[in-house]
Amino acid sequence: MSSMSPHAGSQLVDLCAVLLLLTCFAIVAQRRLSACVDLFALQSLFLAATAALVAFLTGIHHIYIAAALTILIKVFVIPRILKKVIERLNVSRELVMNVNIPAGLLICGALVIIAFFITQPIIPLGYLLTRDSLAIALAIVLIGFFTMIARKKAVTQMVGFLVMENGLFLGATAAAYGMPLIVELGVFFDVLVAGLIVGIYTHRLQDAFDSVDTSTLTVLKE
Amino acid sequence: MNLAMAVVIVQIAMLLALPPFIIGLIRKVKARLQCRRGASVLQPYADLAKLFKKQPVVSSTTSWIFTATPYIVFSSTLAAGLLVPIFVSQNPFNFAGNVIALVYLLALGTFFLILAGLDAGSAFGGMGSSREAIVATLAEPAMMLSIFAIALTAGSTNLSTIVHKTALMEGIITAPPPHLMALVAFFVVALAETGRVPVDNPATHLELTMIHEAMLLEYSGRYLALLEWAAGIKLLVFLSVIANVFAPWGIATSVTPAKVAVGMVVYVVKVSALALLIGVIESMFAKLRLFRVPELLGAAFILSLLALVFFYTLRG
């Protein structure tokens, strides 16, 4: 256990979680594909910092391993895969979206309020240290989901998916001080495989339609 | 009573004397970052003095609004500045209005500037006015909400009470995340409202991009000097709100000579540091396309909204 008072510790965790949420908004407002990927890497770094902070404050050691894996896979490996994919594409920014950016930001603001409203009854039941992060985690999951709906390019949809996964990880850390290590390992493996599959899928999409706009998939032909 | 009078007079003197220095400092930082020597930081004083000596030219098609606007803008901006605690946390003018009065005094100046831009009937003036109206309407809610997020922590909309309580760290509910978010949102609004780079470029008269300069295009002589000076005061008011409402530490919490001296020095240092930051931002970022400005201000609005929401959820 640390020498820090639980109140100061809880405020630090809150601060980290808020930074995670802010990077979500930056992703929603960002048009450049490579910047979206960079922001996702930054978000994962904040996530690892949050996890390490929780591990330090609670003395639960296996969260450190999860934090290290987060840095390895989500800060380095997956962004590199996505960067490789983007390099091959003929577009660097997303100009047409299903929902434009100002409206998207407002919807995300509403999603945050909804997340806070939903978690309000259960927050007092949680652990003292991370209980506020649960609301933020739910908000991040919802925003990730919204990003997948609002964007058309396969790469940004993948970023949305990964943001959702980050939210779930934060939620698990917030609600239960992390999942058992074996489950965490499985999840990391899944995310890595998902990243690889989307990389290959985007290549195929680019070859077949000369675009990574997933809405072209609705006009499949023989 | 005399003490309060003295504080007010010194505050007016500072509000009048500092803006050209701040403008000069920003220009100097930009010049240094572009590997130029740049004009002296005192150059804006000389510019103002020169403009005051020149004879103004007023178009024969304009109405009284055109000649009244410089005085209205100047005095409303100065009055707004008097509501903000600058070096003493208990501002003697705090009875006169709270943060809502501050916002609307600044809006009054903007409104008359928009009218004056339309009044001369030139195409550029009207274009500048319409753009300024867009920016002002989008910036105002974000500005209100971000100050309200801070007002909630102190339990008062009176700026002096907020600053006093925050400086002493008593009677307030602290939570860093909402505070930071409100600060970032307010900073974006300050850049937009004072016509700095991501929204407007004060250094150019390119017709496609200018906003604030387009409205001033018909002005000359002492009218132009007053409006430029008022723009400087407006910038200083925004920087003062950032420096004192969001980070008031160092301000004099009681009127004793030593504390006031420290408060003044700390204030000038804080405001100069913010001016340096603005200079760096202006050198690092390109001006946004006009149609992207709502995205930036929308993000600021969302940030300040979240700051309010976080205040309610995180305090428990």
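**Notes on a two-chain model**

User: How does B:Lys30 count, with 18 C-beta neighbours inside 10 Å?
Analyst: B:Lys30 counts as partly exposed, because it has 18 C-beta neighbours inside 10 Å. (Buried needs 20 or more other C-beta atoms within 10 Å, exposed 12 or fewer, and partly exposed lies in between; C-beta atoms are placed from the backbone.) Please note that this is a predicted model, in which local features need pLDDT of at least 70 and side-chain atom pairs pLDDT 80 or more, while totals for chains, interfaces and linings use all residues. Residues are numbered from 1 along each chain as written, with chains lettered from A and ligands numbered from 1 in written order.

User: And where is B:Lys30 found?
Analyst: B:Lys30 belongs to helix α1 of chain B. (Helices are DSSP runs of H or I with at least four residues, strands are E runs with at least two, and both are numbered from the N terminus.)

User: What is B:Lys30 in contact with, leaving aside neighbours within four places in sequence?
Analyst: Apart from those neighbours, B:Lys30 is in contact with B:Gly279, B:Glu282 and B:Ser283. (Contact requires C-beta atoms within 7 Å.)

User: How many residues apart in sequence are B:Lys30 and B:Thr253?
Analyst: B:Lys30 and B:Thr253 are separated by 223 residues in sequence, and their C-alpha atoms are 35 Å apart in space.

User: Where is the place of B:Cys35?
Analyst: B:Cys35 is in the loop between α1 (2-33) and α2 (43-53) of chain B. Although B:Cys35 is not a glycine, it has a positive phi of about 60 degrees.

User: Does that leave B:Cys35 buried or exposed?
Analyst: B:Cys35 counts as exposed, because it has 7 C-beta neighbours inside 10 Å.

User: Now the two chains: how many residues of chain A are in contact with chain B?
Analyst: In chain A, 16 residues are in contact with 14 residues of chain B. On the chain A side, α1 (6-29), α4 (101-119) and α5 (131-150) are the elements that give two or more residues. Of these, α4(A) gives the most, with 8 residues.

User: What classes are on that side of chain A?
Analyst: The side of chain A that touches chain B has 12 nonpolar, 2 polar and 2 charged residues. (Ala, Val, Leu, Ile, Met, Phe, Trp, Tyr, Cys and Pro count as nonpolar, Asp, Glu, Lys and Arg as charged, and the others as polar.)

User: What is A:Leu20 in contact with, beyond neighbours within four places in sequence?
Analyst: Beyond those neighbours, A:Leu20 has contacts with A:Gln43, A:Phe46, A:Leu47, A:Thr50, A:Ile136, A:Ile140, A:Asn166 and A:Leu170.
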